[in-house]
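Please keep the model open beside the text as you read.

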Amino acid sequence: MWIIVGLGNPGAKYDGTRHNIGFEVVDEIGRSNGAMGYQNNFHGDTDKIRLSNETVLLLKPMTFMNVSGKSVQAAAAFFKIKPENILVVHDDLDLPLGVVRVKKGGGHGGHNGLRDIIPALGGHHDFWRLRIGIGHPGSAKKVSSWVLSKASTVDQAAIEASTAAAISALPLLLDGEDVKAMTALHSES
């Protein structure tokens with residue numbers, strides 16, 4: 001079993017913002033794989049799907065970004081899921097717009113959602129991350145307003161194209177073909 005976590009903030013005012021890309025990707029994974037509708041469990045919205053012969057729990061923490069670990073830890077503990085079977089989908093300021101990268105392990109890179117998940121998983125860093133590039137506003141002072149604003153129509157189209165490629169590579173990752181998944185994604189951009 002796998003858990004695919006989409007990071008974001010609950011509430012209508014955050015819908016469509018760059019910081020909520022994780023929610024949007026998880027919603028699209030669900031739509032394209034027969035999700036039945038979210039239920040409220042584990043401090044978040046959850047749904048189960050079958051993807052590449054695996055049971056996958058889709059999880060959108062409703063705890064706000066900075067305390068996402070509470071939701072991820074609760075789901076992982078309940079289903080006895082090891083960190084290496086968790087994929088966290090999140091926005092990434094350090095990647096150019098539309099670039100997608102998948103990797104296992106690493107630090108939080110300044111991302112508050114990841115910063116909270118790592119200690120919640122007992123300090124384990126070896127979960128997977130699907131990093132969706134949103135670009136950087138150019139100044140550290142503008143980061144907060146940048147991530148909490150909506151992308152332009154052109155930028156949104158680039159993000160949607162890259163996330164479609166990411167979703168199509170997920171079966172490879174779930175099948176243990178992580179090198180093929182990385183190659184497929186990293187050659188896209």
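Predicted model: local features only at pLDDT ≥ 70, side-chain atom pairs only at ≥ 80, totals over all residues.

Residues are numbered from 1 along each chain as its sequence is written, and side-chain values use heavy atoms, with hydrogens and water left out.

Start with the sheet. Helices (H or I, at least four residues) and strands (E, at least two) are DSSP runs, numbered from the N terminus, and two strands pair if DSSP finds at least two bridges between them. Here seven strands make an open, mixed sheet in the order 2-3-4-1-5-7-6. Strand 2 (39-41) and strand 6 (100-104) each have a single partner strand, so one side of each is left without a neighbour in the sheet. On average, and ignoring direction, neighbouring strands are turned by 30° against each other; axes here are lines fitted to C-alpha atoms, for helices over the stretch in contact, and angles run from 0 to 180 degrees between N-to-C directions.

Strand 2 pairs with strand 3 in the antiparallel sense over three bridges, with Asn-41 opposite Gly-44. The two form a hairpin with two residues between them, and Phe-42 in its turn has a positive phi of about 55°. Strand 3 in turn pairs with strand 4, also antiparallel, over eight bridges; Lys-48 has Leu-57 as its bridge partner there. This hairpin too has two residues between the strands, and Ser-52 takes a positive phi near 55°. Six of the eight residues of strand 3 are buried (under 20% relative accessible area, with exposed being over 50% and partly exposed in between, for a 1.4 Å probe and protein chains only). Elsewhere in the sheet, strand 5 (residues 86-92) and strand 7 (residues 128-133) run parallel over six bridges, and Val-88 stands opposite Arg-129.

Helices come next. Helix 1 (residues 21-31) touches strands 1, 3, 4, 5 and 7, and its direction makes about 145° with that of strand 4; contact means heavy atoms within 4.5 Å. Helix 5 (residues 153-174) packs on the sheet as well, at about 165° to the direction of strand 7.

Where is space left? On a 1 Å grid over the protein atoms alone, a cavity is a set of points where a 1.4 Å probe fits but cannot get out, a pocket is an open set with protein on both sides within 12 Å along at least five of seven lines, and lining residues have an atom within 4 Å of a point. The largest pocket holds about 420 Å³, a volume being the space filled by probe spheres set on grid points joined across faces, edges and corners. Among its 24 lining residues, Leu-93, Gly-109, Gly-110, His-111 and Asn-112 are the closest to its centre.

Two cavities of 30 Å³ or more are found. The largest has a volume of about 50 Å³, and helix 5 gives the largest share of its lining, four residues. The second largest cavity has about 30 Å³, and helix 1 and helix 5 each give two or more residues to its lining.
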